[in-house]
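Thanks for coming. I will go through a few local features of this one, then a sheet and the core. Please have the structure open while I talk.

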Amino acid sequence: MRQRSASAPLAQGAAASPSVHETVDADAAIVRQKPGLAIAAFLILVALFVAVFKFPPILDYPNHYARMWLLAGGINTPPFHEIYALDWNRTFTNVGIDLAAYWLGPMIGVSLLARIFLFMAIVLPPLGAITLHRRLHGGGYYWQIGILYFAWCATLIGGFINFQIGLGMALLFAGADHALQSRKPAVLFVWRLFAGLLLTVMHIFSLGFYMALVCGLEFSPTMAALRSPGAFLRLCGRLLIAMLACALPAICLFFYQPVLPDGGGGLDASWNDSVVLILANLMSALWSYALLADMLLMIPPILICTYAVRTRRLTIHAGMAIAAAGLLLLSCIAPRHMLGTGWISWRFPIMTALAAMVMICPLPRLPRRQALIVMLVLSAAVLGRTAWIGFNWRQGDADAAAVRTVLASVPEGAAILPIMRQPNEHGVADHRYFAWNQDTFRHLPTLAVPYAHAFVPTLFTARGKQPLTILPPWSGIAVPEGNLFSISLLDCPDEIRAVSGIASYLSDWRRHFDFILLVNADAEDRFGGDVPQGVRLAAETPFAKLYAVDKGFMPAADAPRPKSCAELAAAN
């Protein structure tokens, strides 16, 4: 029978006892570790932030919110019944929150449902990792508080809601998989089919994560499977059957709906092709609004691990170590962009980090004083980082409120052109930016859909990723995924033509759009451009300004070319 025991101690290289807690009563100096209070405090703090801040600086979140509002019934209201259509055959994965919005949104409201999804995206990955850690290492340990540190990462701040929820589901399903491994093989096979189906629907990368975790669980806590050819062959057979069960639902769904994200007719891949880019990609596992703050608050868990290694009190689950090593390799070699999908390589470092946190158990036996210190240090790091995130959310929510304020002046059925002031640089700690200077306010203009019942060209409608499609003639001035461009671009026809492949809606923008929505308006634009002629201010706040477009305005034929156009051409 395969070993089901806890991890192997680093000091001895042999299997540990089934549960360290079984020896606690025999040693009065050793206390039972109870991380539940700190975990509960974290959950309460996150729930409070999610309840108070409706639109925190989470990049894709407003865009998801607008799409969910349409799926929950908004698509049937004017003018959207003539702009959008729903086609579930456009994708077979990445639709977890879309399905929930379609079925549950009309009953409980999109505002509550979106908050529930955001809460789940934050807490499910660490809670899933804690659940799996408890199973593999035999109970509760203060190290599980440290796992909460990885609730905050670039994929969360980027607003990858389906992906984040899928990570948590994969970890929870892996814990159930471990519990079922003592049952009949047929029961385990059926469970993996079911788990594979749910994870495929939620997000295809979460299925891959689950498969990596299952490989680690099948390998066993020690290196016993490598000690004889027979054991290794039996392991290979179990892995083959396990991978087949996990992947079969995804394969069947693909053949039923053979659709992939549009990569422009090819892979269209770009890579992290230098050591610097690879290291920066690995940092996405912990990168939020300020990398320096993220790294400083990571010091306590690192010190605890270092002390555990030095005192030879670190246990390791060998199977999880192999899974983490494989995910680390994928983190280094995965493409950054491919098949019309961005930030692919970001997905694997957070998987690696969660698997690595599950893999180890530092200081499983501690006397009372040391246990108290470890608990306080880890709690301070985790709750302190969460409070830091809340500070950034408070500022970002004010920016979203500014956008909603100016949208109140937009009449129903209007078409809005979103644009930004693009600064040359920003502060070291700025809630408007996160990893690699990515802006967090890019999709705030899409709030015009639920709040002003107005059209915005950048709502997510990508084939292979979303069930929402856009109807003609609106499809001619929309993109499936889009960025914000500098306001300096609007007075530069040549530069507009240069970016027409990715922003076709900018061509002849005066004729197509009724309003310009300028965000990040309190910053200085790096190209030096200003508001174009032929528009008038309709509403303003420091962060957001709304301009009405005079469709009859014609720029003078002999008007001098703005200096900002030369700056834009040089930058492009």
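Pro473 sits in the loop that runs between strand S10, residues 468-470, and helix H18, residues 493-498. This is a predicted model, and in it the peptide bond from Pro472 to Pro473 is cis, with omega near 5 degrees. There is another cis bond to look at, from Pro78 to Pro79, with omega near 0 degrees. Pro79 belongs to the loop between helix H2, 61-71, and strand S2, 84-86.

For context, most peptide bonds are trans, and most residues other than glycine have a negative phi. That brings me to phi. Asn94 is not a glycine, yet its phi is positive, about 65 degrees. You will find Asn94 in the loop between S2 and helix H3, 96-108. Is Asn94 buried or exposed? Its relative accessibility is 13%, so Asn94 counts as buried, the cut-off being under 20%.

Trp343 is also not a glycine and has a positive phi, about 60 degrees. Its place is the loop between strand S5, 335-337, and helix H15, 347-359. With a relative accessible area of 12%, Trp343 is buried.

Now the sheet. What is the order of its strands? The order is S7-S11-S13-S12, in an open sheet of 4 strands with mixed pairing. S7, residues 416-420, and S12 are at the edges with a single partner strand each, so one side of each has no neighbour in the sheet. On average, neighbouring strands here are turned by 25 degrees against each other, direction ignored.

Take S13, residues 544-549, together with S12, residues 535-540: the two pair in the antiparallel sense over 5 bridges. A hairpin of 3 residues joins S12 to S13. Within this pair, Ala539 has Leu546 in S13 as its bridge partner. S13 also pairs with S11, residues 515-519, again antiparallel and over 5 bridges. There, Phe515 stands opposite Ala548 in S13.

In soluble globular proteins, nonpolar side chains tend to be buried together. The largest nonpolar core in this model has 179 residues, and those with the most contacts inside it are Tyr84, Ile122, Trp393 and Leu506. Helix H4, residues 110-137, supplies the largest share of this core, 13 residues.

What does Trp393 touch? Leaving aside residues up to four places away in sequence, its contacts include Phe49, Val50, Phe53, Leu118, Ile122, Trp152 and Tyr289. Among the others are the prolines Pro56 and Pro57.

Note on methods:
Residues numbered from 1 in each chain as written. Predicted model: local features only at pLDDT ≥ 70, side-chain atom pairs only at ≥ 80, totals over all residues. Heavy atoms only, no water. Pairing = 2+ DSSP bridges. Axes fitted to C-alpha atoms, helices over the stretch in contact; angles between N-to-C directions. Core = buried A, V, L, I, M, F, W, Y, C linked by side-chain atoms within 4.5 Å. Buried < 20%, exposed > 50% of the residue type's maximum accessible area, 1.4 Å probe, protein only. Contact = heavy atoms within 4.5 Å.
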